[in-house]
Amino acid sequence: MGSRDFWAIAGITTIVGGVALALYSLTEEEKKAEEEWREKGHELEEEIDRHTREIDSHIKQRQAEYNFYEMRKTYRESVASSSAAYELLKSAKTTLNGINKMIASAKKQKLYLESILENAKRNRDKTLFSKTIQELKDVNIIRKRLFEERDIYQSQKDNLLQKVREINNRTHKLKECIRDNCGLLGIEWYQKLQERRLAAGRLS
């Protein structure tokens with residue numbers, strides 16, 4: 001499955017219908033998180049891949065070709081992409097929580113229908129028995145889809161998290177490369193960056 005196809009999955013709000021109306025439905029926060037994840041995930045993943053390639057290119061070039069301003073720009077853009085990805089991962093967590101609630105609700109519905117089915121068998125109620133069998137089939141189909149959706153979202157979340165960790169590692173190397181190879185400009189920039197980080201740490 002290609003990267004674009006990997007992200008192009010049906011929203012979890014579109015797979016529940018019929019008997020599933022009795023199941024847990026997503027909150028507005030969960031719907032918003034799921035929509036944000038689907039809309040921004042693939043684009044942000046590509047952006048991080050691009051910045052990773054740019055950083056690798058900067059680090060590998062000869063010292064005479066180092067350009068402080070270009071490298072600083074790449075650093076800033078990479079940090080911004082990483083921060084955006086961390087925020088999006090929060091949406092993924094919210095979405096997964098919503099799916100898990102739907103799975104739990106579907107299980108309760110399944111157990112309830114199974115009890116109805118047993119009563120229908122004992123009372124030899126063929127009409128109720130047939131109706132409940134169909135409802136159980138519907139719930140089992142929904143449960144299968146929900147498990148599949150959860151696996152896809154979890155895989156996407158894990159994939160993006162790995163990319164964020166990789167670009168953070170590259171960004172750290174780029175920061176040191178700027179310090180060590182861009183003369184006084186690089187040294188001063190690095191020192192100011194560290195001072196801001198320390199100040200932010202004291203305020204947090």
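The model is predicted. The chain has five helices and zero strands. Its 204 residues are 37% buried. The largest nonpolar core has 32 residues, and helix H3 contributes the most to this core.

**Overall fold**

- Along the sequence, the pattern of the protein chain reads α-α-α-α-α.

**Nonpolar core**

- Six residues have the most contacts inside the largest nonpolar core: Trp37, Ile48, Met71, Leu160, Ile178 and Trp189.
- Four helices each supply at least two residues of this core: H2 (28-60), H3 (68-122), H4 (126-181) and H5 (183-203).
- H3 gives twelve residues to this core.
- As background, nonpolar side chains tend to be buried together in soluble globular proteins.
- What does Ile178 touch, leaving out residues up to four places away in sequence? The list is Phe68, Met71, Arg72, Tyr75, Gly186 and Trp189.
- Two of those partners, Met71 and Trp189, are themselves among the residues with the most contacts inside the core.

**Helix packing**

- Two packed helices are described by the angle between their axes and the distance between the axes.
- H2 and H4 pack at about 30°, and their axes lie 9 Å apart.
- Angles under 35 degrees count as roughly parallel, so H2 and H4 are roughly parallel to each other.
- The crossing of H2 past H4 is left-handed.
- H2 and H3 cross at roughly 150°, and their axes come within 7 Å.
- The cut-off for roughly antiparallel is over 145 degrees, so H2 is roughly antiparallel to H3.
- H2 and H3 also make a left-handed crossing.

**A buried serine**

- Ser78 is a residue of helix H3.
- Is Ser78 buried or exposed? The relative accessible area of Ser78 is 0%. Buried means under 20%, so Ser78 counts as buried.
- Which residues are in contact with Ser78, beyond its neighbours within four places in sequence? They are His51, Ile55, Ile167 and Thr171.
- His51 and Ile55 fall within the span of H2 (28-60), while Ile167 and Thr171 fall within that of H4 (126-181).

Conventions. Residues numbered from 1 in each chain as written. Predicted model: local features only at pLDDT ≥ 70, side-chain atom pairs only at ≥ 80, totals over all residues. Heavy atoms only, no water. Buried < 20%, exposed > 50% of the residue type's maximum accessible area, 1.4 Å probe, protein only. Core = buried A, V, L, I, M, F, W, Y, C linked by side-chain atoms within 4.5 Å. Contact = heavy atoms within 4.5 Å. Axes fitted to C-alpha atoms, helices over the stretch in contact; angles between N-to-C directions. Parallel < 35°, antiparallel > 145°, perpendicular 65-115°, else oblique. Left-handed = near helix turned anticlockwise from the far one by under 90°.
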